[in-house]
Amino acid sequence: MIRINNIRLTLDESEDLLLEKIAKRCHTNPLNILNYKIVRKSIDARKDDIKIIYTLDVQTKKDKYLIKTRKLAQSDVMPYKYPIKGEKALKGRPTIIGAGPCGLFTALILAEMGYQPLIIERGKPVEIRIQDVENFWNHRILNLNSNVQFGEGGAGTFSDGKLTTQIKNVRCRKVLEEFIKFGAPDNILYKNKPHIGTDLLRNVIIEMRKEIERLGGTFRFNTKLIDLNIINNKLQSITVESLLDNTTEDIPTTVCVLALGHSARDTFKMLKDTPLKMEQKIFSMGIRIEHLQEWINSSQYGQYYPHPNLDVADYKLVYDAGDNRKVYSFCMCPGGYVVGASSESEKVATNGMSYYSRDGQNANSALLINITKEDLKSDDVLEGIYLQEKLESLAFDIAGKNYNAPIQRVEDFLNNVPTVEVGIVKPTYKPNVTMVNLRKYLPDDIATILSDAIVHFGKIIENFDHKDAIITGFETRSSSPIKIVRDSNFESNIKGIYPAGEGAGYAGGIMSAAVDGIQIAEKIVSEFLF
């Protein structure tokens, strides 16, 4: 097939015109075009002349001739290649700790290759987990093992379901194709900024689990890893605890993938007492900010807003404050909601979430500031966790000790005064909010940098610094503050233990976590014969 780049349509032109434009680019008759498919679709959002830009793979009657004479490129889309199985005997089933994107894709590849993985997940299946999350948002009943952070699908299940990533890896297409197979929309394969939405992602995860089980995999929900049993620097078994009846069990295994997620703090504390090598990792924390979505649309699209062929607008912003400090937007949720993401008693954490339609009134995003080595008070590998916990406890206390989140209008934040009433932007946080002076509780230098960043972003996105925009505290779970060290074969210093995904410090979102899981599975397959 031939790769055709930079085919442009106006907002009012139909995709039916693509065939004509392809033929013109190839200098051939449209009758010579056998078929084509969209590889990439994006928007050139320059306000004076917005265009929809396509990259296409085209099959013609004369592919080789056109490639040679018209100097056209050949398509570079290649099917996923499964690894060749190794020769070592595998003692016990391969075990995977965590059923987030990383754990699920590790399990899927292993199951497709016949290895019958055992997946240990402290939380509940997603269809039951939804009820626990709703109980927290609506009634403040927090289940410590089944919440926005813990349970089948991981933290990404209650997010925007964004599938964007900065990594360049051939496995990304495999991830998207599997999501589509399990019920995600086809357009995630070619949209420039694909997303599934939390509502669709839940069903995708259920279908994925069913396929893994059909292929011989087993899920153990409500089950928590409590120990690693190591002899001569090699894994022999793991000890798990049933959260239903508090019984413990040793499971023989010589291959264990630690796909823990970034919020398994009690597990990290347990691992600190094992020979497993861990180290501090630089991470970020900050706030959530909400605007009216129509402000973002109008600012990004100008005269073309509203237009039925335009998606709701998003943004990606960075502010360099100097002295090794940066503020950046993260997990931007167009038409979304700010939600409670707590997983520990008497602590408040926030997250952003949106449905596939992205039709909520507000846009929200985290504004994060990088945490430097100087911010950590000691060399303790858990120091980053302690800092997160401190800020989450503070948010719980100042908002009334009932899992409300503290909020403040941007104008009040900039002026360092308490908020007494909200304006035209209504906070969406669940369970509820308490109006405070958030700035008062932040270190002066951090508060100043965040204020300067908001004002700076207001020069880029109109109304970003609007007086009624809402700040919600705090965003602490953007990434893991810990790295579990692994070598070039993805194995830790303990033979048989494979640290993986976001919690281990090797991913930053659904896509990169899923890709990391695939790579781990490939390494296991290439070494062992089940």
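This is a predicted model: local features need pLDDT of at least 70, side-chain atom pairs count only at pLDDT 80 or more; totals for chains, interfaces and linings use all residues.

User: What share of the residues counts as buried?

Analyst: Of the 530 residues, 57% count as buried.

User: And charges: how far apart are the mean positions of the positive and negative ones?

Analyst: They are 6 Å apart, for 68 positive and 67 negative charges.

User: Switching to the fold. How many helices and strands?

Analyst: There are 12 helices and 25 strands. The radius of gyration is 24 Å, close to the 24 Å from the globule rule for 530 residues, so the protein is as compact as a globular protein of that length.

User: What does the C-alpha trace span?

Analyst: About 70 × 65 × 45 Å along the principal axes.

User: What part of the contacts comes from residues 24 or more positions apart?

Analyst: They account for 72% of the contacts with a separation of 6 or more.

User: Now strand 14. Buried or exposed?

Analyst: Buried. That holds for 9 of the 9 residues in 284–292, so strand 14 is largely enclosed by the rest of the structure.

User: Which strands does strand 14 pair with?

Analyst: Strand 19, residues 362–370, pairs with strand 14 in the antiparallel sense over 9 bridges. Strand 22, residues 470–475, also pairs with strand 14 in the antiparallel sense, over 5 bridges.

Methods:
Residues are numbered from 1 along each chain as its sequence is written. Side-chain values use heavy atoms; hydrogens and water are left out. Buried means under 20% relative accessible area, exposed over 50%, partly exposed in between (1.4 Å probe, protein chains only). Helices (H or I, at least four residues) and strands (E, at least two) are DSSP runs, numbered from the N terminus. Two strands pair if DSSP finds at least two bridges between them. The radius of gyration is taken over C-alpha atoms; the globule rule is 2.2 Å times the number of residues to the power 0.38. Contact means heavy atoms within 4.5 Å. Lys and Arg count as positive and Asp and Glu as negative; His and the chain ends are not counted. The place of a charge is taken as NZ of Lys, CZ of Arg, CG of Asp or CD of Glu.
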